Number of protein chains: 2
Amino acid sequence: MADLPTHVEIHEEGPREGFQIEPGPIGSADKIRLIEALAETGLRHVQVCSFVNPRLVPGWADAEAVVAGFRARPGVEYTGLFFNGNGLDRALAFRDKLAIRGSISLTASDAFTRRNLHRSHAENVAAMRQHSALQLARGIPVNRIGVMAAFGCNYQGDIPPAQVIRTLQDGLAIATETGADITLFSLADTMGWATPARIERVIGEVRNRWPDMALSLHLHDTRGLAVANAFAGLKLGVTRYDSTVGGLGGCPFAGQPKAAGNICTEELVLLCEEMGIATGVDLDALIEVGRMAEAIVGHQLPSELIHAGSLDAFRRKAA
Amino acid sequence: MADLPTHVEIHEEGPREGFQIEPGPIGSADKIRLIEALAETGLRHVQVCSFVNPRLVPGWADAEAVVAGFRARPGVEYTGLFFNGNGLDRALAFRDKLAIRGSISLTASDAFTRRNLHRSHAENVAAMRQHSALQLARGIPVNRIGVMAAFGCNYQGDIPPAQVIRTLQDGLAIATETGADITLFSLADTMGWATPARIERVIGEVRNRWPDMALSLHLHDTRGLAVANAFAGLKLGVTRYDSTVGGLGGCPFAGQPKAAGNICTEELVLLCEEMGIATGVDLDALIEVGRMAEAIVGHQLPSELIHAGSLDAFRRKAA
């Protein structure tokens, strides 16, 4: 355990991922209530909404109302997701409240790009070149390359690590052409293909090539291995993870309507804290918010921990 | 990954663990159907029932009917659980069909022993001394020491590894006194307290003391970490795991009615096979049996994989 990190940075994406896929409708007031409660648990990064086309993602038609409505807590960074100029402009209307960070977002699977974005990979690279330039022109730093389907794809099957490397190279070429300064690679297991061995292999190859680049993992629990994959990431020294309270979410575009959501924030916090890795999160408070999320969506969420209770709660009773 | 085992031995306990806790009632025919289907997937060890007091565990009042009723598949070992002489005698009535293996079963938590068995640890040691002698007198080999609550306890809190060592020593003393030849230690995370770090610590201390003893892990997914814990076990070279199809089960005595069940066999098989560790199991067939289990119990089971489908199924479609 000697090579484990001493702390991790958790990016809570429950509101954005969850309300994007929940059939709902869920009222803006409930979304705001969840966002405000999350910020009280010690989480420092909360993605609060998605600025996407409301016809495609009706769950986020009220993005503006939610962002306008929540009370921001000092010390917490709030973000909104956007993929194009229209989304960026909607986010920029809230630049006093949201941390607006640019990104070059690519997909390691051409088949998924075609299904999800109705573009070829080459067309997506061209679109991202334009998007990177636009973000920079608006004064938004572009420091991140995101790679979706980095561990496998329901439409393309296994994704070789070399394909992830090529996708990152495409992203870096965009950065060079547009003048973006990349400091983070975010690898997403969009459809739940990662295993600990695959995490080790992909991260190993990325590290061989770019030893000093910060890495982030965006894991889905589609096939039950998300916590094991996070553990593999921790052993490799990865210190930044996206997750969702209660395990909210899933990928509405991946053709798996019943698939589980993202790695559950509570279980990630338990994993880390019990290994002496600081998260800054009050787990008992977070478990209460997970239960609130379950009440808001009106059905059982995948988190086991919100149903069982924390170890600390039982430690206190046993003492 | 160099230190990973090449194969693992999976002991399927879905029928026994699941039907012990499901409110049901579930008909004997459905139990038999599940047992027969499990044996068709490549699983070689199936625990089919519990010979316990039907007043305490009404779900296994039909143990005899189930054992008499299923069609045994050659090459598959079927077992039944028993804790006392009465249970042993009920199992012995089926000695042509069941592999009857003795055990010395202790608990690392005195508080759990009192709650679960209404005995002190010392009284339990005395009872197990008698039980070991009885099993041997009946001609049943006693080769296994089981330790429940080996990683923590809802009633006692953290269990220090030294307490696990003492419990194993108590078991070995019983073995010596009664003439049992112990070849396996089974460590059970009865209430879901294990984390990868705790697995490493406990197994490390047990290995230090008994370097050549075979080890088995019985994991529960109470707080979502079971697969990560199995991965930690695999990295330590542990090659034997208990699990349940669909994640059936839970601990009816641990005061957590909503707690998740055991580690899900499908997810354990996925974890192993994707890392090149042979299980002998046809995962797609097992996923179908998981779906059958869900239909039999009449509610959603914790397995994510049975809802998402195997990677191989998507690989075939993508090819």
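Between chain B and chain A there are six salt bridges, a salt bridge being a side-chain nitrogen of Lys or Arg within 4 Å of a carboxyl oxygen of Asp or Glu. In one of them, the side chains of R315(B) and D158(A) meet at 2.6 Å, N to O.

A word on conventions. This is a predicted model, where local features need pLDDT of at least 70, side-chain atom pairs count only at pLDDT 80 or more, and totals for chains, interfaces and linings use all residues. Residues are numbered from 1 along each chain as its sequence is written, chains are lettered from A in the order in which they are written, and side-chain values use heavy atoms, with hydrogens and water left out.

Back to the interface. 42 residues of chain B are in contact with 42 residues of chain A, contact meaning heavy atoms within 4.5 Å. The area buried between the two chains is about 3,500 Å², with 66% from carbon and sulfur atoms; this is the accessible area (1.4 Å probe) lost on putting the two parts together, summed over both. On chain B's side, R223(B), E304(B) and F314(B) supply 18% of the area buried against chain A, more than any other three residues.

Now the cavity. A search of the whole structure finds three cavities of 30 Å³ or more. A cavity here is a set of points on a 1 Å grid over the protein atoms alone where a 1.4 Å probe fits but cannot get out, and lining residues have an atom within 4 Å of a point. Grid points are joined across faces, edges and corners, and volume is the space filled by probe spheres set on the points. The largest cavity holds about 260 Å³. Its lining has 28 residues, and D221(A), G224(A), E304(A), D221(B) and E304(B) lie nearest its centre.

Notes. On a 1 Å grid over the protein atoms alone, a cavity is a set of points where a 1.4 Å probe fits but cannot get out, and a pocket is an open set with protein on both sides within 12 Å along at least five of seven lines; lining residues have an atom within 4 Å of a point.
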